[in-house]
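Hello,

Here is the structure for you to look over. My notes follow below it.

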There are 2 protein chains.
Amino acid sequence: MADIPDPVTETDPDELRMIIQRLSRRIRVHRAADGISDAQLGVLFQLEKHGDRTPGQLAEHEGVTPPSINRTINGLEEAGWITRNPDPDDARRVRIRLTDSGSAIITETRRLRAAWFTQRLAILTPQERRLLQEVTPLLRRLSDS
Amino acid sequence: MADIPDPVTETDPDELRMIIQRLSRRIRVHRAADGISDAQLGVLFQLEKHGDRTPGQLAEHEGVTPPSINRTINGLEEAGWITRNPDPDDARRVRIRLTDSGSAIITETRRLRAAWFTQRLAILTPQERRLLQEVTPLLRRLSDS
DNA sequence: CATCGATCGTTAGCCTAGCTCATTAGCTTG
DNA sequence: CAAGCTAATGAGCTAGGCTAACGATCGATG
């Protein structure tokens, strides 16, 4: 710890960590209501943002193992939200593609969830929300690294 | 949505939500290494902070159902980190108490995890960490409400 | 003071979504 | 062209949520 500057420890990493966990659990619990899981939604978001992806790419970005992402993909395929397509250059690879129905469910789910989370955010003052907004990129960097 | 003021939506709730989820998953994945789960650790933290608690109190604070907390408590009891004791005033109640061994594991785990998360926080600048610290109470309110 | 609804903890059984390990197919390289 | 590497995936395990149901105890009330 000696090589890490003081201000780091001022943040009380432990409390922040626990809070993130609890908040995440709340979000996850809410999920059941709208018929799509967070794991699934995370994959759909990626496909929407980047176009076709392989299972390996999806797994890496989500920070889970390939078998885990595979299960998620199976569910998405059964629901008709994605298709598996061959990769023309490498037959080992599979290209996961969003279907029209998948795009539609993203839009709808985003609407539902945004409404729910937004409502939650409404307990904060406008200034506090602005602060939170500023911090979002930091949290993203923490979650990406 | 019309009844919710504009600044709320500026926060892009959806992205923040997804980031929180991913960060939480990273934290959880790291967990396996140190032999105690987040669910268990959350309970031990509460006992350390507030002294004896009933299963119901623990469940409410963690935002899970009584059967869920009960399973967690079983694990903690098997590990010898807590004991179940009768409540002198109400025989329906059970008082969960931290053992010495439980206190020790908290200290040790906190050390390990703080080191890990602190290291992660080190990718931010001192100013960014200060910002994050400011936001921590807001996140707590979001996770409590 | 007996009963009856409410409360507390708990067990049973289900589901999701991680994981590891093992297998198959296809690519790449000495 | 064989040996080894990589990608996807299946099987089986585990943790930790959930609901439903139950027994014990408490407290209020006829």
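Start at the DNA. In this predicted model, a phosphate oxygen of DNA strand C is 3.4 Å from an N or O atom in the side chain of Arg93(B). A polar side-chain atom of Ser37(A) lies 3.1 Å from a phosphate oxygen of DNA strand C. For Ser68(A), the corresponding distance is 2.6 Å.

Which elements give two or more residues to the surface near DNA strand C? They are helix H5 (66-78) of chain A, and helix H4 (55-62) and helix H5 (66-78) of chain B. H5(B) gives the most, with 5 residues. By type, the residues of this surface divide into 8 nonpolar, 7 polar and 8 charged.

Next, the core. The largest nonpolar core has 28 residues. Those with the most contacts inside it include Leu132(A), Val135(A), Leu132(B) and Leu139(B). Helices H2, H6 and H7 of chain A and helices H2, H6 and H7 of chain B each give two or more residues to this core. Take Leu132(B): beyond its sequence neighbours within four places, its contacts include Leu16(A), Val135(A) and Leu139(A), along with Leu121(B) and Leu124(B).

Last, Thr136(A), in helix H7 of chain A. Is Thr136(A) buried or exposed? Thr136(A) is buried, because its relative accessible area is 5%, under the 20% cut-off. A polar atom of the Thr136(A) side chain lies 3.1 Å from the backbone oxygen of Leu132(A). Leaving out residues up to four places away in sequence, Thr136(A) touches Glu15(B), Leu16(B) and Ile19(B).

Best wishes

How values were computed
Residues numbered from 1 in each chain as written. Chains lettered and ligands numbered in written order. Predicted model: local features only at pLDDT ≥ 70, side-chain atom pairs only at ≥ 80, totals over all residues. Heavy atoms only, no water. Core = buried A, V, L, I, M, F, W, Y, C linked by side-chain atoms within 4.5 Å. Buried < 20%, exposed > 50% of the residue type's maximum accessible area, 1.4 Å probe, protein only. Helix = DSSP H or I, 4+ residues; strand = E, 2+ residues; numbered from the N terminus. Contact = heavy atoms within 4.5 Å. Polar contact = N/O pair within 3.5 Å; in protein donor to acceptor, adjacent residues only side chain to side chain. Nonpolar A, V, L, I, M, F, W, Y, C, P; charged D, E, K, R; others polar.
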